[in-house]
Amino acid sequence: MPVTITLIGGPTALIEIDGFRLLTDPTFDAPGAYQLPHVKLEKTIGPAVRPDAIGPVDAVLLSHDQHSDNLDNSGRDYLLKAKRALTTEAGAKRLGGHVEGLAPWATAHLKDRDGNSLTITATPARHGPAGIEPLSGDVIGFVVSSSRKDTTSVYISGDTTWFDGVAEVARRFRCGVVMPFAGAAQTRGPFHLTMDTNDTIETARAFPDAMIVPVHTEGWAHFRQNSEDLRKTFDVLGFGTRLRLLEPGVPTVVEAP
């Protein structure tokens, strides 16, 4: 069965799979400046879909809770009202309430009334180069696998660069849809904190059976690359047919190539 993905903006996307509805890293605040403890971030584009227009979701998948370009004030309100919310163990402690914390490779399960189910596996993520962990904090990605054999698995990288942890996800899971958090985000140093075009190509090579559907490429001033950079790189290197760029606010059916 195909997967339908609607890009809301930045890292926020609605994933519809086998009747389940999942929302990644909710960010719904208006454009403007957002001060973090060590850096100020500028949001340049608002969400394509307002939270009240999304409707109920079965779970929010939050890669991490400490940066406003992945969880802002409106997103926090949405997350805390959602039926379920999954994030890092440290993030769950900070957010409280019903938020569930997962360590890498731990799983959670969603079930519907017809007996269909999703298994959501937390995956390793590193929010920048080696050694960044004390500064960036814990981050996870997710693999969403259906109990239906005709539905492909979806990998959501979360805020990460290409590293051994992403390669290990590719070794463990065969995914037909891969959603890298790209944009080559850069804030405090001469290094990127999310995937650049090279990292995204490496990810495509590691998942040879997957359609690559990037998010986290537009909407913030600290994103150094955008979807057009990805398109040019994929075309030049012969991966162009495996790249699916989303138009914000438009539900898009995505199938494995």
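This report walks through the cores, a sheet, a helix and the pockets of the structure above.

## About the model

This is a predicted model, in which local features need pLDDT of at least 70 and side-chain atom pairs count only at pLDDT 80 or more, while totals for chains, interfaces and linings use all residues. Residues are numbered from 1 along each chain as its sequence is written, and side-chain values use heavy atoms, with hydrogens and water left out.

## Two nonpolar cores

Let's start inside. A nonpolar core here is a set of buried Ala, Val, Leu, Ile, Met, Phe, Trp, Tyr and Cys residues joined through side-chain atoms within 4.5 Å, where buried means under 20% relative accessible area with a 1.4 Å probe, protein chains only. The largest one has 30 residues, and the members touching the most others are Ile-5, Leu-22, Leu-61, Val-144, Ile-156 and Met-179. A second, separate core has 20 residues, including Val-143, Ala-170, Val-178 and Phe-239.

Leaving aside residues up to four places away in sequence, Ile-156 touches (heavy atoms within 4.5 Å) Ile-15, Thr-24, Leu-61, Thr-123, Gly-141, Phe-142, Val-144, Met-179 and Phe-181.

## A sheet and a helix

Strands (E, at least two residues) and helices (H or I, at least four) are DSSP runs numbered from the N terminus, and two strands pair if DSSP finds at least two bridges between them. Six strands form an open sheet in the order 9-10-11-12-13-14, with mixed pairing. Its edges are strand 9 (107-111) and strand 14 (211-212), each pairing on one side only. Within the sheet, strand 10 (residues 117-124) runs antiparallel to strand 11 (residues 140-146) over 7 bridges; Thr-123 has Gly-141 in strand 11 as its bridge partner.

Helix 5 (residues 164-172) has Gly-165, Val-166, Ala-167, Val-169 and Ala-170 as its buried residues. Their cover includes strand 10, strand 11, strand 12 (153-156) and helix 6 (197-206).

## Two pockets

A pocket is an open set of points on a 1 Å grid over the protein atoms alone, where a 1.4 Å probe fits, with protein on both sides within 12 Å along at least five of seven lines; lining residues have an atom within 4 Å of a point. The largest pocket is lined by 27 residues, with Leu-36, Gln-66, His-67, Leu-135 and Arg-188 nearest its centre.

The second largest pocket has 21 lining residues, and Leu-7, Gly-9, Gly-10, Glu-218 and Pro-248 lie nearest its centre. Strand 1 (residues 3-9) gives the largest share of that lining, 3 residues.

Terms used: Buried < 20%, exposed > 50% of the residue type's maximum accessible area, 1.4 Å probe, protein only.
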